[in-house]
Amino acid sequence: MNLLTLAQKYNTQAKCVKYLEKVRWNGKPKCPYCEESTVSRRMKIPFRIQKYHCNKCNRDFTVLSGTIFEASKLPLPKWFQLIHLMLTAPKGISSMQLSRTLGITYKTAWYCSMRVRCAMIDDEIDLLEGIVEQDESYLGGRPRRRNRPGQTSENAAILNQMEDSPKKIKRGRGTKKVPVVGIVEREGKKRVRLEVMEKLTGKNLLAMLKRYVNTEKAIAVTDEYPAYAKFEEELQHLVVKHKEHFFADGELHTNTIENVWSIIKNGLRGQYHALSKKYLPFYLAEWAYKYNRRNERPSMFAETIEHAVTEEKPMLDYKPTKPVAEITTGDAIRKAAEREATAKRAERALRGRKPKLRATAYTKNKSKRIKKKATVSRKPAKRIVRRKTTNKNAAKNKLAKEYGKISKKHR
Ligand SMILES: [Zn+2]
């Protein structure tokens, strides 16, 4: 589908709403607040979106409630065109460009595209396998010499001499640029995972590898940066020595991930020009989403619409509701922790004599509990019984005496 056919197919609000309702509910409207399916239709108001009423929580909703389209006045046909434009630009498309193409304001374009980026956050759980390349890159401006105030022509001449001097300007590590780490599969689905990393330590890099890669079925290829040395404990690890072989030594290279960096850097330089550090993870998510689906272009639009209406949205207003890193990588971190916990449990079960260990531990506790109860209840029980009988008798006698007295009085 190209932009023209899309514009013809979904040219009215009603057609878009119908499509979204089909994708989201498939004919059975469901309350987005309490998941109740006993809902009733509200009377249709002309030029408005069909409203539904939940019979359980008494709230009204439309197909847009809780999605990225919620509370937006932009007509849905334009939304659809905006999503299409974003998906067909592998390097990205700036909000200024969107505003010019669609005839909307820059602010609207920014607001809508950020919401679409939220829908593009990959929450796949399947891990990367086979040969994986991990590498880091630094995003930011080009390295430049500073133009100092009070520079005379003489100074400029000295500076020109300096340009020829062998002293290099720092390019990546050690500058204020933002470090980004990526892992890419060389074969199979050839998917990529990208993350902003504040500190490039061995621990952080290994944690990221475990988050996205099945370490039992993968071989890691990295450059000779010493922080990758820890990888050898987890999986087979090959190192490309860029100093010896500039690009590649046969199959030993990290050129697949370098291609990803090329797309990102071209996009940053040619489309966005500048990105804030705060929102960079959203843009990385967009690049990764499009890279991972580059061989499934025809189904990409339908998939994105499905993501847009079925997933929970962390950015419904101009500002994200949670820290950006939590939105973009929170799920992956949580899932990795779950995987580690189950692995530990399995290991603990293996260490025991029999795999039944969990059951025996439970029954052990149970028997202890029973024993405790029995000992507690047995000893005082006798005393209580004795006391009770005496007390009972005393009470009986007392009552009898009193009753006797009362009865005598009344007689
Ligand atoms: Zn409800």
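Helices (H or I, at least four residues) and strands (E, at least two) are DSSP runs, numbered from the N terminus. The model is predicted: local features need pLDDT of at least 70, side-chain atom pairs count only at pLDDT 80 or more, and totals for chains, interfaces and linings use all residues. Residue numbers start from 1 along each chain, following the sequence as written.

Of its 411 residues, 22% are buried, that is, with 20 or more other C-beta atoms within 10 Å of their own; exposed means 12 or fewer, partly exposed lies in between, and C-beta atoms are placed from the backbone.

Next, select asparagine 58, in the loop between strand S2 (52-54) and strand S3 (60-61). Although asparagine 58 is not a glycine, its phi is positive, at about 60°. Asparagine 58 is exposed, with 10 other C-beta atoms within 10 Å.

Proceed to histidine 273, in the loop between helix H8 (255-272) and H9. This non-glycine residue also has a positive phi, near 65°. Histidine 273 is exposed, having 10 other C-beta atoms within 10 Å.

Finally, display helix H9 (residues 280-292) together with helix H11 (residues 324-351): their axes come within 8 Å and cross at roughly 35°. Here axes are lines fitted to C-alpha atoms, for helices over the stretch in contact, and angles run from 0 to 180 degrees between N-to-C directions. Select Pro281, Phe282 and Ala285 of H9, then Val324, Ala325 and Thr328 of H11, to show the residues that make the contact; two residues are in contact if their C-beta atoms, placed from the backbone, lie within 7 Å.
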